[in-house]
Every structure is written in structure tokens, then in C-alpha cells.
Amino acid sequence: MSLLPLDDPASPPPPPPPPPLAQGRRRPLAATAARRALTLSPLLLLAVWAVIDWHAVRDGAALLATADPWWLLVGLLFTYLGTVAAACVRQGAIPERLPPGLLVASQIAAGAANHLLPASIGAHAVTVRFLQRQGVALPRATASIALYSLVRAVAKTPVVLIFLLAAPSAVPPARVLPEGRTLLLAAAGLLLAPAATAALLVIVRPLRRPALDFVRTALTDARHLHTRPARFLPLWGGAAAAPLIQASVVASVGTALGLPLSWPQLLFAFLAASTAAGAVPAPGGIGPVDAALVLTLAGYGTPLPLATATVIGYRVLTVWLPLLPGMLVLSALVQRKQL
């Protein structure tokens, strides 16, 4: 028998800490909940927008119910061809090869987001997120957005000029182009924008390095892309085809409603209206382009109610009908972690 004093009874051991997996489950659950909220938020925004703009939805549906359904189907086909053209321009603006199916799906989703934020911010945000998910670095993704916007704006001018030379009879007899004072203000705005940007970079020094890196990446990528026909052909070809495809939607709606105008006149009406109102930032161009298009159609002698009906039908085909599929595609891409 041991003569050593007995030890005190040992106190019960503390409970073991929770396993790392139990602690890490909260984050995946929170991430899943956040992802589901992002999935449902586009549908909620769609419902809110439908309530706010319910009169346009109702009037457009009533007008389209009396139109030729086959021409409306042609207009809807041109709407989705515009998505394919946008995908071509996006691919041409990035050196990496992107999966074609996912790229087109991302542009369908971007088209839906484009109608919620002004100046194409929603579409560009979706595209940047998609490019990042495809392994494209953020500077290159943002540089591709700048190249995309620049090419879309530059390619539209020769399209309008060639259209005027090929079909001079399409110009309306009324004066629909801006007056000299308006053109002077627009030119002043175009000159002041770069000057304001340069002044901001001079005053705010922390912006200089990111801005220089962005410009360097954009110039390098643009020079590299224009040495590859597989990039600059879809870049410029898609940018030139995009406004003509959009104008074909207007022409299809006008034909479906029995508008007394030829296709060249309807095409030029949209090209002139979108060019004149393109500088006004609005979600999807809704508002300025609509007003300019109604005035342009009226300049051809079209009755104002019929011109308004054509614009409403155009918006139904390019906004409302593709919006629900676009929101569903956006939600699916978010759910599958492609955005």
C-alpha cells in the first residue's frame, strides 16, 4: 500500500471545443442564404418595375393584340439576334476565349440588368462579374468594357453614313436633326468630359496609378486584339450589326401595326433617334430614345397615336418580353456561381 497522500479527485474535464466543421458550417449556410436572396432579388425588382410601369405594359399588350403576330415574332427574333451580336463584341474585346453558350447567356442576363440601371451600368457589371468568374483579371475585364463601349459608339457613325448614301430617300422631309446650338452644346460636352477627367486625376493623386494601369492595359489589349482576325472581326462586325438589328425590331413592329413607311425609312428613324438621344443616360435608353423615335416617325408624317403605338410595341419586344427570361437566366447564373 502506498504511503503517499491520496490525490484530490480530478475535476471533470472541460467540454471539448466544437469541431472545426461545426464552426465552418455557419459560413456556408450564410453564403447559401445570401445567394438565394440574390437569386430572388431580380424577380422582386421585376415585380416592382411592372407595378410602377403597369400602364405601359397594359397599353402595349392591347396594341400588340391587334398587330400581325408573324411580324412580331420576326421582331422578337431580331431582339435575340441583338444579344448574339453583343456577345460577339464582348468576345472580340477580350483576348481569352470564352465559352460561347455561357457568354450568350451572360448577355441575356446583362440585357435584363441593363434596364434597371442607367448608362448600361447593369449590363457592364454583370459582364465584369462573368469575366472574373472565367478567370479574367479585373483590369483586363474593365478594359474590355471600355473597348466594347468605344467600338459600339464608333461603329455606329459609318453605319449611319453608309445608310444615308445607300438610301437617301429614307431621310424624312421634316427636320428632325438637332439644330446648330444643340450640336454646339453636345460638342462642348464631349470636349469637357476628357478635360474634367484629366483635372480629376491631377487633383486626386491616389487615382493616378489605377488610371494609368487601366489605360496601359486597355491600349495593350486593343493593340493585341487588332492583330488577331478572330477577335477584331467579331468586335467590329458585331458592333456594326447591332444598331441595324435593333432598327429591324422597330421596322418589324411598324410593319406589324401597318405603319405607312418603308423598311429603309423605319431603319433610319431608329438610327437617327438613337444617335440623337444616346448621350442621355437612362436605364436601357428608355425615355430619351422613345421620345426621339416618336418625333422622328412623326417627321415622316406618321399619325402620332400610331407612332406612339410603334414605340410601345418596340419596348414590349425589347424590354418586357425578354425581361422575365433574362431575370431567370440571371438568377440561374448566380445560383450556379457563374456570376
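Leaving aside neighbours within four places in sequence, which residues is Val329 in contact with? They are Ala105, Ile108 and Ala109, where contact means heavy atoms within 4.5 Å. This is a predicted model: local features need pLDDT of at least 70 and side-chain atom pairs count only at pLDDT 80 or more, while totals for chains, interfaces and linings use all residues. Residues are numbered from 1 along each chain as its sequence is written, and side-chain values use heavy atoms, with hydrogens and water left out.

**View A. The whole chain, to get your bearings.** The protein chain has 13 helices and 0 strands; both are DSSP runs numbered from the N terminus, with helices being H or I of at least four residues and strands being E of at least two. Of its 339 residues, 36% count as buried. Buried means under 20% relative accessible area, exposed means over 50%, and partly exposed is what falls in between, using a 1.4 Å probe and protein chains only. If you take the contacts in the chain with a separation of 6 or more, 76% of them come from residues 24 or more positions apart.

**View B. Zooming in on Val329.** Val329 is in helix H13. Why is Val329 called partly exposed? Because its relative accessible area is 24%. Val329 and Gln107 are 222 residues apart along the chain, yet their C-alpha atoms are separated by 9.6 Å.

**View C. Where H4 meets H5.** Helix H4 (residues 69-92) packs against helix H5 (residues 100-114) at an angle of about 115°, and their axes are 9 Å apart. Those axes are lines fitted to C-alpha atoms, for helices over the stretch in contact, with angles running from 0 to 180 degrees between N-to-C directions. On the H4 side, look for Thr83, Ala86, Ala87, Arg90 and Gln91; on the H5 side, look for Leu103, Val104, Gln107 and Ile108. Sorted by class, that makes 5 nonpolar, 3 polar and 1 charged residues. Here Ala, Val, Leu, Ile, Met, Phe, Trp, Tyr, Cys and Pro count as nonpolar, Asp, Glu, Lys and Arg as charged, and the others, Gly among them, as polar.

**View D. A closer look at Thr83.** Sitting in helix H4, Thr83 is buried because its relative accessible area is 14%. Apart from neighbours within four places in sequence, Thr83 is in contact with Val104, Gln107 and Ile108.

View E. Aromatic pairs, of which the structure holds 3, are rings of Phe, Tyr and Trp (its six-membered ring) with centres within 6.5 Å; planes under 30 degrees apart count as stacked, over 60 as edge-to-face and the rest as tilted. Phe78 and Trp263 make a tilted pair, 6.5 Å centre to centre with 55° between the planes. Phe78 lies in helix H4 and Trp263 in helix H11, so the pair ties together parts that are 185 residues apart in sequence. Ring pairs also bring in Trp71, linking Trp71, Phe78 and Trp263 into a cluster. Trp263 counts as partly exposed, at 28% relative accessibility.

**View F. The largest nonpolar core.** A nonpolar core is a set of buried Ala, Val, Leu, Ile, Met, Phe, Trp, Tyr and Cys residues joined through side-chain atoms within 4.5 Å. The largest one has 32 residues, and Leu261, Leu266, Phe270, Leu293 and Leu297 touch the most other members. Helices H7 (138-166), H10 (229-256), H11 (263-277), H12 (288-299) and H13 (304-335) each supply at least two residues. Which helix gives the most to this core? H11 does, with 8 residues. Leu261 is in contact with Leu266, Leu297, Tyr300 and Thr302, leaving aside its neighbours within four places in sequence. Apart from this core lies another, of 26 residues, including Ala105, Ala123, Met327 and Leu339.

**View G. Val128 and its neighbours.** Val128 belongs to helix H6 (residues 121-133) and is buried because its relative accessible area is 15%. Not counting residues up to four places away in sequence, Val128 touches Leu138, Ala141 and Ile145. Ile145 is 17 residues from Val128 in sequence and 7.7 Å away in space, C-alpha to C-alpha.

**View H. Lys337 in the segment after H13.** Most residues other than glycine have a negative phi. Lys337, in the segment after H13, has a positive phi of about 65° although it is not a glycine.
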